[in-house]
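Open the model in your viewer and keep the selection panel at hand. Each stop below names what to select and what is there.

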Amino acid sequence: MTDTVRVRFAPSPTGRLHIGGARTALFNWAYARRHRGTFLLRIEDTDPERSTKEYERAILEGLRWLGLDWDEGPDVGGPYAPYHQAQRIERHRVAAQAMLARGEAYRCFCSHERLDAMRAEQEAEHQASAYDKRCRSIPQAEAERRAAAGESFVVRFKVPEGKTSLVDHVRGDVTFENKEVDDWIMVRSDGNPTYNFVVVCDDVDMKITHVFRGEEHLINTPKQVLLYKAMGAKPPEFGHLPLMLGTDRKKLSKRTGDTALQDYQEKGYPKDAVVNFLCLQGWALNGTQEIFSLDELVKHFDINDVSKAGAVFDIDKFRWLAGEYLRKEPIDVLVDHCVPFAIQAGLLRADEVPSKRAWLASLLAAEKERMHVYSNFPARIAYLFAKDDELPYDADAEANAKKHAGRVALLGDFQAWLAPKLAAGEPSAALKDGMKAWLSERKAKMPELLQPLRCALSGRAGGPDCFDMIAWLGPERALARIEHARRRLA
RNA sequence: GGUCCCAUCGUCUAGCCCGGCCUAGGACACCAGGUUUUCAUCCUGGCGACAGGGGUUCAAAUCCCCUUGGGAUCACCA
């Protein structure tokens, strides 16, 4: 056949999609698209205890959310179906039998007790724990007899002499001494094959040409390369991606932050920001352009340019990037993205959204400057929903207001000036101009009025333009808040 | 501890493969100014790194070696 690129992402549905897994998927996908190859998805559900359909569905949804699509997979099918590993188990059994028959593997009857004792001893002597190969010497006929008699056994891979090298596109080629590679278990005593075995069987069957995965798999790779050879198959090329690290510089874990893609989705990170950020962890477009699209990734992605060193998950940069993307969204789209969070916070009911859409758009147009993620929205606008006489005043807002000695009188005069204009429906821009003229007539500076006013309207030290807030509140509530402030700021 | 991997600003990185253009570039964060009614956005500036030591070379962040430091992994889990 041809040497068309075929890459895969093979998640295990035993939990939510890890953010590092999402990046692995992204890089595999980008590589396939860049080389006009095939990207496929395979579900590694061979652990029936922990695998669930719910996780599987969530993982697929997560990938779709990011904008990744696959040419072959569990839901779309393909020429190498099935794409659920558990459904391929017969093939694995056949392959294991063939290996046994060819003498590339052997039955091991050692008990857990013996293995545990051996491990303990090796550990005490500061050696790597590895099987001592005792059962290698059992003649095949005897092994078959004992197996037939019902004796429990596992199938181990017979690691040959020599050394094993692999082509790694991110690290440069890596070599291992075979004597350091354990005679690992291919098939468990219950007859089920193990990961290192099935992953190779399936990759061979699915004609995978390149395997890009996390660095934690690097040490497994010689086992797999040796297996390819024993099966008479050509090993794929590899690329072991740098780990994503927590602030403790260890493999990203829940201890130092959110690890699931879904966590960021639920927190309202724009998905394009997530993709962009994931790209930046271990790869760079050109070293100067930080913000770029999936298209640009595909256009420029090169596995050889992926960094070797682990990348600390930089949440500050992620937040910044999220804000950049959020601000670029068309306002209608932004409303759709933010409204669910306002509903969830109890600020709005879903049924009143259509009638308030223009109002919400106006809020967002002003507030987006202060937001990074969609979930910031409710906290930004909560003051609008407070009772006018119970609006909480932040300490710094109140302090700013109270810096001005004439605040109560000025607020009163302003209220009297404002009320008729509001009643007449004067637009915000005109009110603002009028206010400036009014203030200069009385030889008052803007902050003298606006700081107390801001506190009166929002209870906060910072925020949008005061006249925007008046418009959002409406004449009645705005004036009520000023009225209350004259008492509360006295 | 064995094996394997890694090492440029606090963080993400460009440069390294194909030594000179590097008085090491960009971004986030931080600090200082400017803009703003305030906050934010935005603009300007600042701080800030080639882990250490040996080589090779006219010349090393770039090549080689050692040391140190960090990480991954050592399951009948994937």
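This is a predicted model: local features need pLDDT of at least 70, side-chain atom pairs count only at pLDDT 80 or more; totals for chains, interfaces and linings use all residues.

Residues are numbered from 1 along each chain as its sequence is written, chains are lettered from A and ligands numbered from 1 in the order written, and side-chain values use heavy atoms, without hydrogens and water.

**Stop 1: RNA strand B**

Select RNA strand B and the residues near it (a heavy atom within 4 Å). You get 61 residues, with His126, Arg188, Glu369, Arg370 and Asp465 the closest.

Now pick out single pairs. The side chain of Arg370 places an N or O atom 2.4 Å from a base oxygen of RNA strand B. At Thr288, a polar backbone atom is 3.0 Å from a sugar or linking oxygen.

Colour this surface by element (helices are DSSP runs of H or I, at least four residues; strands are runs of E, at least two; both are numbered from the N terminus). Helix H11 gives the largest share, five residues. Then colour by class: 19 nonpolar, 18 polar and 24 charged. Here Ala, Val, Leu, Ile, Met, Phe, Trp, Tyr, Cys and Pro count as nonpolar, Asp, Glu, Lys and Arg as charged, and the others, Gly among them, as polar.

**Stop 2: helix H9**

Select residues 271-280. Eight of these ten residues are buried (under 20% relative accessible area; exposed is over 50%, partly exposed in between; 1.4 Å probe, protein chains only). Among the buried ones are Val275, Phe277 and Leu280. Their cover includes helix H1 (19-34), helix H2 (53-66) and helix H11 (315-328). Step past H9 to Gly282: its phi is positive, near 110°.

**Stop 3: Arg380**

Go to helix H14 (residues 377-381), where Arg380 lies. Arg380 is buried, at 18% relative accessible area. Its side chain joins that of Glu367 in a polar contact of 3.1 Å (N or O atoms within 3.5 Å; within protein, one able to donate a hydrogen and the other to accept it, and residues adjacent in sequence count only if both atoms are side-chain atoms).

**Stop 4: His404**

Finish in the loop between helix H15 (395-402) and helix H16 (407-423), the place of His404. Is His404 buried or exposed? It is buried, at 15%. Its side chain makes a polar contact with the side chain of Gln451, at 2.8 Å.

Key: Contact means heavy atoms within 4.5 Å.
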